[in-house]
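Please look over the chain and its fold before reading the notes. They are grouped by topic and can be checked against the display.

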Amino acid sequence: MQIQEVIIRGRRDIVLATGELPDTVGSTELRLRTLTTFISAGTELSIYLGTHPGVDQPGNWGSWPWVPGYGHIGVVEEIGEQVQGFARGDRLFSFSPHRSHHLLNVATTLAVKVPDALSDVTAAAARMAVVAYAGLHVATLRVGMTVAIFGLGAVGNLCAQLFQIAGCRVVAVDLSPGRRELAKRCGIVDVIGADVDDIDRQIRDRTDGRGADITIDAVGDSRVIQQIIPLTATHGQVILLGSPRVAFTGEMTQSFRDIHFRMITLRGALEWMSPRKDPGFGLPSIERNINTIFRQIADGRLKVDPLVSHQLPPSQIREAYEGLLNDREHFTGVALTWTANRNIA
């Protein structure tokens, strides 16, 4: 069958093209008709810009030409004979690509049912909270800790909300006035960054000079990582939530001395290092995170809808990417609406 799919063909070269899917569904597959997909302003744009390592080397993950995707909401249209637990008409959350239709192998790929209370766009945008949850899982966390989060894009914003829900005192930092205002609309209480030269003092004032118990880079910029280490308390934690991609040259000896002499722990927080499916026994997994996020959105604790600035048809994929790249004050999150879907409430 013919489908439409987004393809990144090269550096800043993206199109909506015609593709093909098999007419038959495999025994462990579901055929999904896409309702909404959500764009990652980090991973997807890094492939689009060519800053993701290896994009120009065939065979690498993300190498051109590449069908991108991040958060996908689709409705089940056909079911393989061995598939259990799903029915035609179910709305499913998955990590499938930006395609009008998709074959999802449930034996190897995670799919989670979307609650009726969530719109298609809201559920797709919840994808960014799955990234943010990795920050909580790697942290050694106690109620009342001060957590300073640097970068209030969608991931940083949601990470700040999640640490607040967990009972922490959050200081959210961004130089963008629009992102700071959006963070406040999402219920983040303490937002700073209007005066770049005063950020250090404000964090130290809030922590009696100790620095934050946990500092988080939600940007994916090595320069930010270097800047936040001195603002971390002795015996504190530095968490890398963003994925560093761009080369950085600098003197790191003082940073290493801080880590060594003040016994700071440096931790990576890549979501994909957690099991995808719930292993039980209360252990973290991506599946458990998604279901928790859906509940937190449904009961009003986690605010996702304000982060969605644009709902665009797939034909405007280039406008979506360029907006996220060049107009970050206004393009805070973009959902592609493939078929008629439930709008944000």
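The notes below cover aromatic rings, a surface patch, backbone angles and one leucine.

This is a predicted model, in which local features need pLDDT of at least 70 and side-chain atom pairs count only at pLDDT 80 or more, while totals for chains, interfaces and linings use all residues. Residues are numbered from 1 along each chain as its sequence is written, and side-chain values use heavy atoms, with hydrogens and water left out.

**Aromatic rings**

- A pair of aromatic rings is described by the distance of the centres and the angle of the planes.
- Rings of Phe, Tyr and Trp (its six-membered ring) pair if their centres lie within 6.5 Å; planes under 30 degrees apart count as stacked, over 60 as edge-to-face and the rest as tilted.
- By this rule the model has five aromatic pairs.
- One of them is the edge-to-face pair of tyrosine 48 and tyrosine 321, with 5.0 Å from centre to centre and 85° between the planes.
- Tyrosine 48 belongs to helix H1 (residues 43-49) and tyrosine 321 to helix H10 (residues 317-326), so the pair ties together parts that are 273 residues apart in sequence.
- Helices (H or I, at least four residues) and strands (E, at least two) are DSSP runs, numbered from the N terminus.
- Tyrosine 48 is buried, at 0% relative accessibility, and tyrosine 321 is buried with a relative accessible area of 0%.
- Buried means under 20% relative accessible area, exposed over 50%, and partly exposed in between (1.4 Å probe, protein chains only).
- Phenylalanine 93 and phenylalanine 95 form another edge-to-face pair, at 5.6 Å centre to centre and 80° between the planes.
- Phenylalanine 93 is buried at 1% relative accessibility, and phenylalanine 95 is buried at 16%.
- One aromatic cluster is made of Phe93, Phe95, Trp272 and Phe294.

**A charge over a ring**

- Arginine 127 lies over the face of tyrosine 70, 4.0 Å from the ring centre.
- For this term, NZ of Lys or CZ of Arg must be within 6 Å of the ring centre and within 35 degrees of the ring normal.

**Surface patch**

- Leu270, Trp272 and Met273 form a nonpolar patch on the surface, and together they have about 340 Å² of accessible area.
- Patches are made of residues with over 30% relative accessible area and no salt bridge: like charges are joined within 9 Å, nonpolar side chains (Val, Leu, Ile, Met, Phe, Trp, Tyr) within 5 Å.
- A salt bridge is a side-chain nitrogen of Lys or Arg within 4 Å of a carboxyl oxygen of Asp or Glu.
- Accessible areas come from the Shrake-Rupley method with a 1.4 Å probe; for residues, only the protein chains shown count as cover.
- Methionine 273 sits in the loop between strand S13 (265-268) and helix H9 (286-298), and is exposed at 69% relative accessible area.

**Backbone angles**

- Most residues other than glycine have a negative phi, and most peptide bonds are trans.
- Tryptophan 64 and proline 65 are joined by a cis peptide bond, with omega about -10°.
- Proline 65 lies in the loop between H1 and strand S4 (71-79).
- Arginine 12 has a positive phi near 55° and is in the loop between strand S1 (2-10) and strand S2 (13-20).
- Aspartate 208 also has a positive phi, of about 55°; this residue is exposed, with a relative accessible area of 68%.

**Leucine 302**

- Leucine 302 is in the loop between H9 and strand S14 (310-312), and is buried at 2% relative accessible area.
- Among the residues that leucine 302 touches are Ala129, Leu158 and Ile165, not counting residues up to four places away in sequence; contact means heavy atoms within 4.5 Å.
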